[in-house]
Amino acid sequence: MIHKAALASPATRRTELRTTDPMVKRPIAIVVGLTAVLVGLALAGGFWLSAPNPVAAASLPAHVADLQNGKTLYTAGGCVSCHRPSPAAIKAGANGELPSGGAPLNTPLGPVFPPNITPDKATGIGGWTQAAFVGAMQRGVSPNGGHYIPAFPYTSYARMKTEDVLDIFAYINSLAPVNSPRHDNAIVLEPVIRRGIGLWKLIAMPAPFAPDSAQSAEWNRGAYLVNGPGHCGECHTPRNALMIGQSAKSLEGGPHPDGKGTVPSLHRLIERKVFTDVDDLTTALQEGEGGGYEHMSSGGMGDAQTNLSHLPEADVKAIATYLSTLR
Amino acid sequence: MNHGLFRNSVFAFGIVISSGLALAAGALGPERESTMKGLNKEVKALNALVKSGKFNAAKAKSSATAIETGLNHAKTLFPLGSEKAAKGTAPAIWTDRAGFDEKFAKALEASKAVAAATDLPSLKAAVDTQGGACKSCHETYRTADY
(Lines give C-alpha, C1' and ligand atoms only; values in the text may rest on other atoms or scores of the structure.)
Protein backbone atom coordinates (compact mmCIF):
# COMPACT_ATOMS: atom_id res chain seq x y z
CA MET A 1 0.00 0.00 0.00
CA ILE A 2 1.37 3.38 -1.01
CA HIS A 3 0.97 6.20 1.45
CA LYS A 4 -1.11 9.09 0.28
CA ALA A 5 1.57 11.61 1.10
CA ALA A 6 4.01 9.79 -1.10
CA LEU A 7 1.74 10.35 -4.07
CA ALA A 8 1.09 14.00 -3.33
CA SER A 9 3.24 16.73 -4.85
CA PRO A 10 5.95 18.26 -2.60
CA ALA A 11 3.84 21.38 -2.18
CA THR A 12 0.84 19.38 -0.94
CA ARG A 13 3.01 17.45 1.45
CA ARG A 14 4.35 20.68 2.97
CA THR A 15 0.81 21.94 3.42
CA GLU A 16 -0.24 18.73 5.08
CA LEU A 17 2.71 18.85 7.42
CA ARG A 18 2.05 22.45 8.22
CA THR A 19 -1.52 21.69 9.16
CA THR A 20 -0.35 19.14 11.76
CA ASP A 21 2.55 21.39 12.93
CA PRO A 22 1.03 23.34 15.81
CA MET A 23 0.10 20.11 17.61
CA VAL A 24 3.75 18.97 17.57
CA LYS A 25 5.50 22.29 17.73
CA ARG A 26 3.74 23.78 20.72
CA PRO A 27 5.09 21.30 23.31
CA ILE A 28 8.56 21.54 21.75
CA ALA A 29 8.39 25.31 21.90
CA ILE A 30 7.33 25.14 25.53
CA VAL A 31 10.17 22.75 26.40
CA VAL A 32 12.73 24.82 24.50
CA GLY A 33 11.43 28.01 26.06
CA LEU A 34 11.43 26.59 29.57
CA THR A 35 14.92 25.16 29.10
CA ALA A 36 16.17 28.51 27.87
CA VAL A 37 14.62 30.22 30.87
CA LEU A 38 16.11 27.64 33.26
CA VAL A 39 19.54 27.83 31.65
CA GLY A 40 19.30 31.61 31.76
CA LEU A 41 18.32 31.51 35.41
CA ALA A 42 21.10 29.04 36.20
CA LEU A 43 23.64 31.23 34.39
CA ALA A 44 22.37 34.34 36.16
CA GLY A 45 22.33 32.46 39.46
CA GLY A 46 25.81 31.09 38.85
CA PHE A 47 27.04 34.53 37.87
CA TRP A 48 25.51 35.99 41.01
CA LEU A 49 26.76 33.17 43.25
CA SER A 50 30.26 33.28 41.75
CA ALA A 51 30.65 37.01 42.35
CA PRO A 52 33.86 37.85 44.26
CA ASN A 53 33.33 38.89 47.85
CA PRO A 54 35.92 41.57 48.62
CA VAL A 55 36.80 42.74 52.12
CA ALA A 56 35.46 46.14 53.18
CA ALA A 57 38.03 48.39 54.84
CA ALA A 58 35.53 49.18 57.61
CA SER A 59 35.31 45.48 58.54
CA LEU A 60 39.02 45.24 59.39
CA PRO A 61 39.97 45.08 63.08
CA ALA A 62 41.82 48.01 64.63
CA HIS A 63 45.37 46.69 64.79
CA VAL A 64 48.90 47.90 65.37
CA ALA A 65 51.16 45.86 63.09
CA ASP A 66 53.72 43.55 64.69
CA LEU A 67 56.56 43.21 62.17
CA GLN A 68 58.24 40.35 64.03
CA ASN A 69 55.02 38.32 64.02
CA GLY A 70 54.58 39.20 60.35
CA LYS A 71 58.04 37.88 59.57
CA THR A 72 57.41 34.65 61.50
CA LEU A 73 54.14 33.99 59.67
CA TYR A 74 55.59 35.03 56.31
CA THR A 75 58.28 32.42 56.98
CA ALA A 76 55.81 29.78 58.18
CA GLY A 77 53.74 30.44 55.06
CA GLY A 78 56.78 29.97 52.87
CA CYS A 79 55.68 32.92 50.71
CA VAL A 80 59.14 33.30 49.23
CA SER A 81 59.27 29.63 48.17
CA CYS A 82 56.75 30.23 45.38
CA HIS A 83 57.13 33.98 44.85
CA ARG A 84 60.94 34.07 44.57
CA PRO A 85 62.37 34.42 41.04
CA SER A 86 62.95 31.28 38.99
CA PRO A 87 66.37 29.58 39.25
CA ALA A 88 67.19 30.95 35.78
CA ALA A 89 66.30 34.50 36.86
CA ILE A 90 68.38 34.15 40.03
CA LYS A 91 71.31 32.95 37.93
CA ALA A 92 70.82 36.04 35.79
CA GLY A 93 71.15 38.26 38.86
CA ALA A 94 67.67 38.48 40.45
CA ASN A 95 67.61 38.48 44.26
CA GLY A 96 66.40 35.03 45.35
CA GLU A 97 65.53 36.27 48.83
CA LEU A 98 62.80 38.62 47.61
CA PRO A 99 59.32 37.53 46.42
CA SER A 100 59.45 39.35 43.08
CA GLY A 101 57.51 36.71 41.14
CA GLY A 102 58.32 33.08 40.61
CA ALA A 103 58.60 30.12 38.31
CA PRO A 104 55.26 28.70 37.09
CA LEU A 105 53.37 26.22 39.26
CA ASN A 106 51.89 23.35 37.31
CA THR A 107 48.19 23.12 38.14
CA PRO A 108 45.46 20.98 36.56
CA LEU A 109 44.29 24.21 34.89
CA GLY A 110 47.68 24.97 33.40
CA PRO A 111 50.83 26.83 34.49
CA VAL A 112 50.22 29.62 37.02
CA PHE A 113 52.88 32.27 37.59
CA PRO A 114 53.21 33.46 41.21
CA PRO A 115 53.21 37.27 40.91
CA ASN A 116 55.53 39.91 42.33
CA ILE A 117 54.50 40.57 45.95
CA THR A 118 57.30 42.98 46.82
CA PRO A 119 56.03 46.47 47.74
CA ASP A 120 56.84 47.88 44.29
CA LYS A 121 54.11 50.38 43.39
CA ALA A 122 54.06 49.67 39.67
CA THR A 123 54.50 45.89 39.47
CA GLY A 124 54.15 44.59 43.03
CA ILE A 125 51.67 45.14 45.84
CA GLY A 126 53.03 48.52 46.95
CA GLY A 127 49.81 50.28 46.08
CA TRP A 128 47.54 47.80 47.86
CA THR A 129 45.29 48.66 50.77
CA GLN A 130 45.06 46.46 53.86
CA ALA A 131 41.57 45.42 52.75
CA ALA A 132 42.92 44.35 49.35
CA PHE A 133 45.61 42.21 50.97
CA VAL A 134 43.21 40.57 53.44
CA GLY A 135 40.78 39.97 50.56
CA ALA A 136 43.53 38.26 48.59
CA MET A 137 44.83 36.14 51.45
CA GLN A 138 41.59 35.11 53.08
CA ARG A 139 39.01 35.20 50.29
CA GLY A 140 41.18 34.70 47.23
CA VAL A 141 39.89 37.93 45.68
CA SER A 142 42.17 40.23 43.70
CA PRO A 143 42.06 44.01 44.18
CA ASN A 144 40.34 44.41 40.80
CA GLY A 145 37.60 42.04 41.90
CA GLY A 146 38.56 38.70 40.32
CA HIS A 147 39.07 35.25 41.80
CA TYR A 148 42.58 33.96 42.31
CA ILE A 149 43.41 30.48 41.10
CA PRO A 150 43.78 28.37 44.27
CA ALA A 151 47.39 27.42 43.51
CA PHE A 152 47.69 30.44 45.80
CA PRO A 153 46.71 28.62 49.02
CA TYR A 154 44.10 31.07 50.32
CA THR A 155 42.03 28.00 51.18
CA SER A 156 44.45 27.60 54.11
CA TYR A 157 45.08 31.29 54.81
CA ALA A 158 41.31 31.73 55.24
CA ARG A 159 41.75 29.95 58.59
CA MET A 160 44.15 32.65 59.85
CA LYS A 161 43.42 35.51 62.21
CA THR A 162 42.98 38.72 60.21
CA GLU A 163 45.42 40.49 62.57
CA ASP A 164 48.10 37.97 61.58
CA VAL A 165 47.41 38.62 57.89
CA LEU A 166 47.80 42.35 58.53
CA ASP A 167 51.16 41.66 60.21
CA ILE A 168 52.34 39.75 57.12
CA PHE A 169 51.25 42.73 54.99
CA ALA A 170 53.26 45.08 57.19
CA TYR A 171 56.29 42.79 56.96
CA ILE A 172 56.03 42.52 53.16
CA ASN A 173 55.82 46.32 53.00
CA SER A 174 59.10 46.49 54.91
CA LEU A 175 60.90 44.50 52.17
CA ALA A 176 62.79 46.12 49.30
CA PRO A 177 60.55 46.81 46.29
CA VAL A 178 61.52 45.07 43.05
CA ASN A 179 60.29 46.15 39.64
CA SER A 180 59.29 42.87 38.03
CA PRO A 181 56.28 42.86 35.70
CA ARG A 182 53.71 40.11 36.03
CA HIS A 183 53.78 37.09 33.76
CA ASP A 184 50.55 36.01 32.12
CA ASN A 185 49.33 32.52 32.98
CA ALA A 186 48.75 29.97 30.25
CA ILE A 187 45.26 28.81 31.18
CA VAL A 188 42.60 28.08 28.57
CA LEU A 189 39.47 30.25 28.98
CA GLU A 190 41.04 31.90 32.00
CA PRO A 191 38.26 34.51 32.61
CA VAL A 192 35.55 31.83 32.56
CA ILE A 193 37.57 29.51 34.80
CA ARG A 194 38.29 32.31 37.23
CA ARG A 195 34.61 33.11 37.46
CA GLY A 196 33.85 29.42 38.00
CA ILE A 197 36.28 29.42 40.93
CA GLY A 198 33.71 31.65 42.64
CA LEU A 199 31.30 28.71 42.67
CA TRP A 200 34.07 26.35 43.79
CA LYS A 201 34.84 28.64 46.71
CA LEU A 202 31.27 28.30 47.98
CA ILE A 203 32.10 24.76 49.05
CA ALA A 204 35.90 24.85 49.22
CA MET A 205 36.52 27.68 51.69
CA PRO A 206 37.16 26.52 55.28
CA ALA A 207 35.95 28.03 58.54
CA PRO A 208 38.44 30.16 60.52
CA PHE A 209 40.71 28.26 62.90
CA ALA A 210 38.94 27.40 66.16
CA PRO A 211 41.24 26.54 69.09
CA ASP A 212 40.56 23.28 70.93
CA SER A 213 40.22 24.19 74.58
CA ALA A 214 40.91 20.58 75.60
CA GLN A 215 44.44 20.90 74.20
CA SER A 216 47.46 22.89 75.39
CA ALA A 217 48.34 26.35 74.10
CA GLU A 218 51.40 24.79 72.43
CA TRP A 219 49.25 22.21 70.59
CA ASN A 220 46.86 24.92 69.44
CA ARG A 221 49.75 27.06 68.21
CA GLY A 222 51.02 24.09 66.23
CA ALA A 223 47.59 23.29 64.82
CA TYR A 224 47.19 26.92 63.77
CA LEU A 225 50.60 27.09 62.09
CA VAL A 226 50.10 23.78 60.28
CA ASN A 227 46.55 24.38 59.04
CA GLY A 228 46.65 28.16 58.61
CA PRO A 229 49.81 29.93 57.44
CA GLY A 230 51.87 26.73 56.98
CA HIS A 231 49.24 25.36 54.55
CA CYS A 232 50.68 21.85 55.00
CA GLY A 233 47.36 20.32 53.95
CA GLU A 234 47.63 21.78 50.45
CA CYS A 235 49.99 18.89 49.71
CA HIS A 236 49.55 16.49 52.65
CA THR A 237 45.72 16.31 52.53
CA PRO A 238 44.29 14.32 49.62
CA ARG A 239 41.81 16.14 47.40
CA ASN A 240 38.45 14.92 46.13
CA ALA A 241 37.22 14.99 42.53
CA LEU A 242 36.47 18.70 42.89
CA MET A 243 40.06 19.34 44.01
CA ILE A 244 38.90 20.18 47.53
CA GLY A 245 40.98 18.91 50.46
CA GLN A 246 39.09 16.09 52.17
CA SER A 247 38.67 17.21 55.78
CA ALA A 248 37.99 13.62 56.88
CA LYS A 249 41.44 12.68 55.60
CA SER A 250 43.26 15.79 56.79
CA LEU A 251 47.07 15.42 56.54
CA GLU A 252 46.82 11.72 55.67
CA GLY A 253 48.93 12.06 52.52
CA GLY A 254 48.05 11.08 48.99
CA PRO A 255 49.02 11.65 45.38
CA HIS A 256 51.49 14.49 44.89
CA PRO A 257 49.69 17.59 43.57
CA ASP A 258 52.40 17.93 40.92
CA GLY A 259 51.08 14.69 39.48
CA LYS A 260 54.18 12.61 40.21
CA GLY A 261 54.74 10.39 43.22
CA THR A 262 53.00 10.56 46.56
CA VAL A 263 53.00 12.79 49.61
CA PRO A 264 53.45 10.99 52.94
CA SER A 265 50.87 10.87 55.71
CA LEU A 266 51.60 12.99 58.80
CA HIS A 267 49.55 10.69 61.02
CA ARG A 268 51.05 8.40 63.67
CA LEU A 269 54.58 9.61 62.93
CA ILE A 270 55.86 8.46 66.32
CA GLU A 271 53.87 5.18 66.42
CA ARG A 272 55.13 4.26 62.97
CA LYS A 273 58.67 4.96 64.24
CA VAL A 274 59.29 7.57 61.55
CA PHE A 275 60.53 9.71 64.45
CA THR A 276 61.36 8.58 67.98
CA ASP A 277 59.52 11.37 69.82
CA VAL A 278 58.38 15.01 69.63
CA ASP A 279 61.93 16.29 70.13
CA ASP A 280 63.21 14.09 67.32
CA LEU A 281 60.45 15.36 65.03
CA THR A 282 61.29 18.95 66.04
CA THR A 283 64.95 18.38 65.13
CA ALA A 284 63.94 16.73 61.86
CA LEU A 285 61.83 19.75 60.90
CA GLN A 286 64.65 22.12 61.85
CA GLU A 287 67.56 20.25 60.27
CA GLY A 288 65.95 18.16 57.53
CA GLU A 289 68.27 16.00 55.49
CA GLY A 290 71.20 18.12 56.59
CA GLY A 291 70.61 16.56 60.01
CA GLY A 292 70.47 13.06 58.59
CA TYR A 293 66.67 12.79 58.44
CA GLU A 294 65.18 11.01 55.46
CA HIS A 295 62.40 12.17 53.13
CA MET A 296 62.75 15.83 54.04
CA SER A 297 63.83 17.29 50.69
CA SER A 298 61.97 15.64 47.84
CA GLY A 299 58.70 16.75 46.29
CA GLY A 300 59.05 20.36 47.40
CA MET A 301 59.54 19.55 51.10
CA GLY A 302 63.10 20.85 50.92
CA ASP A 303 61.84 24.42 50.57
CA ALA A 304 59.22 23.92 53.28
CA GLN A 305 61.87 22.52 55.62
CA THR A 306 64.23 25.43 54.91
CA ASN A 307 61.42 27.79 55.93
CA LEU A 308 60.78 25.75 59.08
CA SER A 309 64.47 25.99 59.96
CA HIS A 310 64.07 29.78 60.13
CA LEU A 311 61.12 29.67 62.55
CA PRO A 312 61.52 30.25 66.29
CA GLU A 313 62.24 26.91 67.98
CA ALA A 314 59.09 27.17 70.11
CA ASP A 315 56.98 27.31 66.96
CA VAL A 316 58.68 24.28 65.40
CA LYS A 317 58.17 22.38 68.67
CA ALA A 318 54.51 23.43 68.66
CA ILE A 319 54.15 22.06 65.13
CA ALA A 320 55.82 18.79 66.16
CA THR A 321 53.60 18.58 69.25
CA TYR A 322 50.46 18.96 67.16
CA LEU A 323 51.61 16.58 64.41
CA SER A 324 52.54 13.89 66.94
CA THR A 325 48.90 13.73 68.08
CA LEU A 326 47.44 13.07 64.63
CA ARG A 327 45.82 9.65 64.55
CA MET B 1 76.31 -30.50 15.87
CA ASN B 2 79.02 -28.00 16.61
CA HIS B 3 76.82 -25.23 15.40
CA GLY B 4 74.07 -26.44 17.70
CA LEU B 5 76.42 -26.50 20.65
CA PHE B 6 77.63 -23.01 19.84
CA ARG B 7 74.05 -21.74 19.51
CA ASN B 8 73.09 -23.34 22.80
CA SER B 9 76.14 -21.92 24.52
CA VAL B 10 75.36 -18.44 23.25
CA PHE B 11 71.78 -18.88 24.37
CA ALA B 12 72.83 -20.10 27.82
CA PHE B 13 75.36 -17.30 28.12
CA GLY B 14 72.65 -14.80 27.17
CA ILE B 15 70.36 -16.15 29.87
CA VAL B 16 73.09 -15.98 32.47
CA ILE B 17 74.00 -12.40 31.54
CA SER B 18 70.44 -11.13 31.36
CA SER B 19 69.39 -12.80 34.60
CA GLY B 20 72.55 -11.45 36.18
CA LEU B 21 71.62 -7.94 35.05
CA ALA B 22 68.06 -8.41 36.27
CA LEU B 23 69.36 -9.58 39.61
CA ALA B 24 71.75 -6.63 39.79
CA ALA B 25 68.95 -4.19 38.97
CA GLY B 26 66.72 -5.83 41.55
CA ALA B 27 69.41 -5.64 44.20
CA LEU B 28 70.30 -2.01 43.44
CA GLY B 29 67.18 -0.64 45.13
CA PRO B 30 67.85 -2.17 48.56
CA GLU B 31 71.57 -1.50 48.14
CA ARG B 32 70.94 2.20 47.49
CA GLU B 33 68.60 2.34 50.45
CA SER B 34 71.00 0.71 52.91
CA THR B 35 73.93 2.81 51.68
CA MET B 36 71.95 6.04 52.04
CA LYS B 37 70.69 4.99 55.47
CA GLY B 38 74.30 4.39 56.50
CA LEU B 39 75.15 7.93 55.34
CA ASN B 40 72.21 9.31 57.33
CA LYS B 41 73.51 7.62 60.46
CA GLU B 42 76.91 9.28 60.10
CA VAL B 43 75.38 12.69 59.31
CA LYS B 44 73.26 12.36 62.46
CA ALA B 45 76.35 11.46 64.49
CA LEU B 46 78.15 14.55 63.16
CA ASN B 47 75.21 16.80 64.01
CA ALA B 48 75.10 15.32 67.52
CA LEU B 49 78.82 15.98 67.84
CA VAL B 50 78.35 19.63 66.84
CA LYS B 51 75.43 19.95 69.26
CA SER B 52 77.43 18.44 72.12
CA GLY B 53 79.61 21.55 71.97
CA LYS B 54 82.80 19.48 72.39
CA PHE B 55 85.10 19.13 69.41
CA ASN B 56 86.36 15.60 68.88
CA ALA B 57 88.68 15.26 65.89
CA ALA B 58 88.75 11.44 65.97
CA LYS B 59 84.96 11.11 65.94
CA ALA B 60 84.59 13.73 63.22
CA LYS B 61 87.20 12.06 61.07
CA SER B 62 85.73 8.61 61.56
CA SER B 63 82.26 9.78 60.43
CA ALA B 64 83.70 11.81 57.58
CA THR B 65 85.67 8.83 56.30
CA ALA B 66 82.61 6.59 56.51
CA ILE B 67 80.64 9.20 54.56
CA GLU B 68 83.33 9.46 51.90
CA THR B 69 83.41 5.68 51.49
CA GLY B 70 79.61 5.53 51.43
CA LEU B 71 79.35 8.30 48.84
CA ASN B 72 81.92 6.65 46.60
CA HIS B 73 79.92 3.43 46.80
CA ALA B 74 76.59 5.21 46.29
CA LYS B 75 77.95 6.78 43.11
CA THR B 76 78.21 3.33 41.55
CA LEU B 77 74.60 2.39 42.35
CA PHE B 78 72.93 4.41 39.58
CA PRO B 79 74.38 2.83 36.41
CA LEU B 80 72.76 3.30 33.01
CA GLY B 81 69.90 0.87 32.66
CA SER B 82 68.98 0.91 36.34
CA GLU B 83 66.29 3.55 35.93
CA LYS B 84 63.58 1.24 37.19
CA ALA B 85 65.48 -0.35 40.05
CA ALA B 86 63.66 1.52 42.78
CA LYS B 87 61.13 4.19 43.58
CA GLY B 88 62.18 7.70 44.43
CA THR B 89 64.67 8.25 41.64
CA ALA B 90 64.17 11.18 39.28
CA PRO B 91 64.74 10.46 35.56
CA ALA B 92 67.19 13.38 35.63
CA ILE B 93 69.73 11.07 37.30
CA TRP B 94 70.11 9.43 33.90
CA THR B 95 69.28 12.34 31.61
CA ASP B 96 71.47 14.89 33.41
CA ARG B 97 74.40 12.78 34.53
CA ALA B 98 76.78 15.75 34.58
CA GLY B 99 74.58 17.58 37.10
CA PHE B 100 74.15 14.42 39.16
CA ASP B 101 77.90 13.79 39.25
CA GLU B 102 78.52 17.40 40.25
CA LYS B 103 76.24 16.94 43.31
CA PHE B 104 78.22 13.87 44.33
CA ALA B 105 81.48 15.79 43.86
CA LYS B 106 80.20 18.57 46.14
CA ALA B 107 79.15 16.06 48.80
CA LEU B 108 82.56 14.35 48.63
CA GLU B 109 84.33 17.68 48.88
CA ALA B 110 82.23 18.49 51.95
CA SER B 111 83.12 15.19 53.62
CA LYS B 112 86.81 16.02 53.13
CA ALA B 113 86.23 19.39 54.81
CA VAL B 114 84.57 17.61 57.74
CA ALA B 115 87.58 15.32 58.11
CA ALA B 116 89.90 18.33 58.01
CA ALA B 117 88.01 20.33 60.66
CA THR B 118 90.25 21.58 63.42
CA ASP B 119 87.76 23.04 65.88
CA LEU B 120 84.04 23.23 66.61
CA PRO B 121 83.27 26.26 64.39
CA SER B 122 85.05 24.76 61.36
CA LEU B 123 83.35 21.41 62.04
CA LYS B 124 79.93 23.06 62.27
CA ALA B 125 80.49 24.94 59.01
CA ALA B 126 81.64 21.77 57.25
CA VAL B 127 78.76 19.67 58.62
CA ASP B 128 76.27 22.32 57.49
CA THR B 129 77.80 22.32 54.01
CA GLN B 130 77.71 18.54 54.00
CA GLY B 131 74.02 18.53 54.95
CA GLY B 132 73.29 21.15 52.33
CA ALA B 133 74.90 18.91 49.70
CA CYS B 134 72.63 15.96 50.66
CA LYS B 135 69.58 18.19 50.56
CA SER B 136 70.44 19.94 47.33
CA CYS B 137 70.96 16.64 45.48
CA HIS B 138 67.76 15.11 46.86
CA GLU B 139 65.72 18.17 45.94
CA THR B 140 66.64 17.65 42.30
CA TYR B 141 67.28 13.95 41.85
CA ARG B 142 64.98 12.31 44.37
CA THR B 143 61.24 12.18 43.84
CA ALA B 144 58.45 12.10 46.40
CA ASP B 145 57.55 8.43 46.46
CA TYR B 146 56.73 6.58 49.64
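This is a short tour of a predicted model, chain by chain.

Before selecting anything, note that residues are numbered from 1 along each chain as its sequence is written, and that chains are lettered from A and ligands numbered from 1 in the order in which they are written. Because the model is predicted, local features need pLDDT of at least 70 and side-chain atom pairs count only at pLDDT 80 or more, while totals for chains, interfaces and linings use all residues.

**Stop 1: chain B.** Select chain B and colour by secondary structure. Chain B has five helices and zero strands, where helices (H or I, at least four residues) and strands (E, at least two) are DSSP runs numbered from the N terminus. The order from the N terminus is α-α-α-α-α. Of the 146 residues in chain B, 25% are buried; buried requires 20 or more other C-beta atoms within 10 Å of the residue's own, exposed means 12 or fewer, partly exposed lies in between, and C-beta atoms are placed from the backbone. Among contacts in chain B with a separation of 6 or more, 75% join residues 24 or more positions apart. Two residues are in contact if their C-beta atoms, placed from the backbone, lie within 7 Å.

**Stop 2: where chain B touches chain A.** Show both chains. Here 17 residues of chain B are in contact with 18 residues of chain A. On the chain B side, helix H1 (2-52) and helix H5 (120-141) are the elements that give two or more residues. H5(B) gives the most, with seven residues. By class, the chain B side has four nonpolar, six polar and seven charged residues. Nonpolar covers Ala, Val, Leu, Ile, Met, Phe, Trp, Tyr, Cys and Pro; charged covers Asp, Glu, Lys and Arg; the others, Gly among them, are polar.

**Stop 3: H6 and H8 of chain A.** Select residues 130-139 and 162-173 of chain A, which are helices H6 and H8. Their axes come within 10 Å and cross at roughly 115 degrees. That makes H6(A) roughly perpendicular to H8(A), a term for angles of 65 to 115 degrees. Show side chains for Gln130(A), Phe133(A), Val134(A), Met137(A) and Gln138(A) on H6(A), and for Thr162(A), Val165(A), Leu166(A) and Phe169(A) on H8(A): these make the contact. The contact has six nonpolar, three polar and no charged residues.

**Stop 4: Ala186(A).** Ala186(A) is in the loop between H8 and helix H9 (190-204) of chain A. Ala186(A) counts as exposed because it has 12 C-beta neighbours inside 10 Å. Ala186(A) and Pro111(A) are 75 residues apart in sequence, yet 5.7 Å apart in space, C-alpha to C-alpha.

Key. Axes are lines fitted to C-alpha atoms, for helices over the stretch in contact, and angles run from 0 to 180 degrees between N-to-C directions. Angles under 35 degrees count as roughly parallel, over 145 as roughly antiparallel, 65 to 115 as roughly perpendicular and the rest as oblique.
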